[in-house]
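Let us walk through this structure together. Keep the sequence and the 3D view side by side.

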Amino acid sequence: MRRGRLFLKRSYWTRFCRHAKKILEKSAIAGVPQIVAANNPILKLLRAAVFFSCLFGFLYQFFTFLQLYWAYPIVMDVQVKSPSKILVPAFTICDHNGYTLKNYCSITKHKCVPVLNDTEFCLIRRRYCHRRKLPPGFMIPPDQSLIIHEIMNGRNATAIPEIPQNHMIKNCEMLIGEDAPTTTCSKARKTPYTKGDIVTRTNCLMFNSIWDLPGATIQDMPSTTVINLLLLTNKTDYFPQIGDQFVAMYIDFHSPMTLTNPFVNGFIMYPGMRYKYYIKERILKLLPAPYSTNCTDYLTEWKKNGNKGPISLADCIEYCKLELIRKQRKCVDFFNFYPHNEPLCETGCKDFVCSSGYKDVDGMSESLTKFGKICAEKCRPGCDQKVYEITKEEIQVPEEVFAQIPDRHSWKQYIYVRLSFDKFDITTYSYTPKFELIETFCYLGGYVGIWLGISLVAVFDFVESIIIILKHPYRRMRNKFRTKVHPIVSQEERILDRY
């Protein structure tokens with residue numbers, strides 16, 4: 001009985017091997033038909049050795065490629081174009097005159113006092129005097145420390161009297177072409193409080209910005225457009241304790257979708273000067289994790305927040321610190337340069353330049369160091385970054401220009417600015433994966449072709465051959481399983497079941 005079963009098994013496997021050999025002899029995989037058809041065992045062994053050596057070489061290069069692929073390498077593509085129409089960039093103009101001397105003296109709790117000695121005062125602060133004489137009724141605050149505490153800590157930003165746009169921007173016009181008439185610039189919007197170079201309230205106006213304007217879109221204009229600005233410094237509106245070097249204006253060019261701090265990132269402009277700025281746009285497109293650029297898509301969150309929030313790494317860090325320090329102390333430190341309208345924490349400064357140094361009030365420095373580390377680890381570069389490359393020309397307005405003006409003393413307070421886009425170009429730096437889907441497919445196809453000489457048709461043919469070969473053992477196992485599960489029914493029982 002055992003010999004019969006053994007004979008049946010040998011007979012089955014012999015038939016199976018013949019069937020598999022017949023199928024593999026027709027295989028489209030290079031080397032397999034030759035190995036199967038070889039009658040000489042030595043020749044069959046040599047052919048098999050060559051085939052498996054090639055297979056090993058393919059697997060080695062395949063896994064080497066996978067290591068390189070999983071390192072997620074990137075390549076940078078640079079494109080430069082000079083369009084005839086461009087998206088209007090935003091620009092912000094600031095000064096240190098957010099709380100004018102006249103406004104302060106009209107609402108302060110501490111009365112302003114007259115100057116005791118006009119001559120001596122005019123020697124130190126000439127900007128207030130004409131022929132060494134002060135205007136009638138000129139008053140000044142008695143103490144710097146009282147000014148700082150009241151304007152920085154005693155009043156919220158919303159309680160400060162608003163300064164009209166024409167107080168600082170005397171004229172803004174756009175010249176689209178030589179033959180086209182000039183048009184007035186769109187009305188500027190006041191930005192939140194922006195940290196300046198000294199301890200005082202600042203005044204900032206932004207043009208062409210869609211920040212905090214849900215649903216707004218960026219306008220376009222011809223690249224031949226020129227924007228002319230006439231700015232007035234209003235020297236006599238500054239507090240007398242503020243030095244002449246801070247009686248200036250600051251300008252910065254930025255994306256219309258974000259805020260900026262011209263005192264940190266911009267250009268300083270002094271009265272009596274003419275400035276010309278040539279603007280170019282730079283776009284940087286990064287990749288998120290797992291790529292090395294590891295960027296964050298700030299724009300999606302920015303749109304959800306109603307066109308508000310940070311969209312760059314630096315803004316994210318400052319905004320993060322702002323939120324953490326506000327939650328801890330119910331105020332924001334003076335050093336945070338992200339624009340905001342939150343109450344300011346005490347600095348301990350006794351004058352505008354803080355000559356005695358900033359005081360570490362209630363362990364502020366420790367909190368700032370701690371929050372700085374937290375925010376630096378949390379924030380990542382933005383996936384879509386837009387910056388502007390600026391070339392500045394600066395000349396002093398000739399003296400003969402003022403000679404023909406009746407109020408020469410007043411006109412020396414003006415700043416002339418021209419924004420030119422005739423050299424405008426857009427340079428886009430795009431980071432892309434080194435191995436896109438098509439590159440990966442080509443690499444793997446090349447390895448398979450070189451080492452094994454296999455195409456996709458051959459792969460599908462080989463898979464089909466394997467399925468056909470394994471079909472017979474599968475049927476045999478299925479029949480055995482059914483035999484074990486279902487008991488043998490006699491002929492008599494089958495006849496009875498019919499009735």
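Lys-386 and Glu-281 form a salt bridge, with their closest N and O atoms 3.8 Å apart. This pair links distant parts of the chain: Lys-386 sits in strand E15 (residues 384-396), Glu-281 in strand E14 (residues 273-285), 105 residues apart. A salt bridge here is a side-chain nitrogen of Lys or Arg within 4 Å of a carboxyl oxygen of Asp or Glu. Helices (H or I, at least four residues) and strands (E, at least two) are DSSP runs, numbered from the N terminus.

The model is predicted: local features need pLDDT of at least 70, side-chain atom pairs count only at pLDDT 80 or more, and totals for chains, interfaces and linings use all residues. Residues are numbered from 1 along each chain as its sequence is written, and side-chain values use heavy atoms, leaving out hydrogens and water.

Are the two partners buried or exposed? Glu-281 is buried, with a relative accessible area of 4%. Lys-386 is partly exposed, at 23% relative accessibility. Buried means under 20% relative accessible area, exposed over 50%, and partly exposed in between (1.4 Å probe, protein chains only).

By the salt-bridge rule, the count comes to seven. Another one joins Arg-326 and Glu-323, at 2.7 Å from N to O. These two are three residues apart in helix H9, so about one helical turn separates them. Arg-326 is partly exposed, at 27% relative accessibility.

Helix H9 (313-329) leads us to helix H10, whose buried residues pack against it. Contact means heavy atoms within 4.5 Å. Helix H10 covers residues 364-378, 15 residues in total. Its buried residues are Met-364, Ser-367, Phe-371 and Cys-375. Seen down the axis of H10, they fall within an arc of 60 degrees, so they line one face of the helix. The arc is that of the directions from the helix axis to the C-beta atoms. What lies on the other side of H10? There, Glu-366, Lys-370, Lys-373 and Glu-377 are exposed.

Now turn to the surface. Ile-438, Phe-441, Leu-456 and Phe-460 form a nonpolar patch, with about 470 Å² of accessible area together. Helix H13 (437-452) and helix H14 (456-485) each give two or more residues to the patch. Patches are made of residues with over 30% relative accessible area and no salt bridge; like charges are joined within 9 Å, nonpolar side chains (Val, Leu, Ile, Met, Phe, Trp, Tyr) within 5 Å. Phe-441, in helix H13, is exposed, with a relative accessible area of 52%.

How values were computed: The expected span of a helix is 1.5 Å times one less than its number of residues. Accessible areas come from the Shrake-Rupley method with a 1.4 Å probe; for residues, only the protein chains shown count as cover.
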